[in-house]
Amino acid sequence: MLYKTFGAEFSAILERNGYSCAGVGGKIKVPCNRISDIVRNRRGVTAETSFLLGRLFDVHAGYFIMRYTAYISLQDMQERFDAGLVTQAELSETQTALGLDQPSHLLYDQLNAPVECKSAA
């Protein structure tokens, strides 16, 4: 499944890995409303939050901020498409170039099994 917003994809990542917003907030020691605001698309991903989430999910520190930025770029392109400034082909090409034509690897691996998160030390 492909997602329209970063918040929707991030929510699916949390759910797939058995986390609530409060659970993630507690694990990475940030207020749970920061995580829930990201899920609700009320807040972007900062470098600090991306770093902390990267440690929790054992991915590159910039993974979440890069994914978030890709969604923002696609949203901008969608608005340009809606205004008649770009073609459907250009919109699709942008989605592919940003890597948003495929689900996050944190949602699916080759065996379609949940990705294991690092345990808290």
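**View 1. Thr-49 is buried in this predicted model.** Thr-49 sits in helix H4, which covers residues 47-57 (helices are DSSP runs of H or I with at least four residues, numbered from the N terminus).

**View 2. The Thr-49 side chain has polar partners in Arg-34 and Thr-46.** With the Arg-34 side chain, the distance is 3.3 Å; with the Thr-46 side chain, 3.0 Å. A polar contact here is a pair of N or O atoms within 3.5 Å; within protein, one must be able to donate a hydrogen and the other to accept it, and residues adjacent in sequence count only if both atoms are side-chain atoms. Leaving aside residues up to four places away in sequence, Thr-49 touches Arg-34 and Ile-38 (contact means heavy atoms within 4.5 Å).

View 3. A disulfide needs a pair of cysteine sulfur atoms within 2.5 Å, and a search of the whole structure turns up zero of them. Cys-21, at 21% relative accessibility, counts as partly exposed; Cys-32 does too, at 42%.

**Notes on the views.** Residues are numbered from 1 along each chain as its sequence is written, and side-chain values use heavy atoms, with hydrogens and water left out. As this is a predicted model, local features need pLDDT of at least 70 and side-chain atom pairs count only at pLDDT 80 or more, while totals for chains, interfaces and linings use all residues.

Notes
Helix = DSSP H or I, 4+ residues; strand = E, 2+ residues; numbered from the N terminus. Buried < 20%, exposed > 50% of the residue type's maximum accessible area, 1.4 Å probe, protein only.
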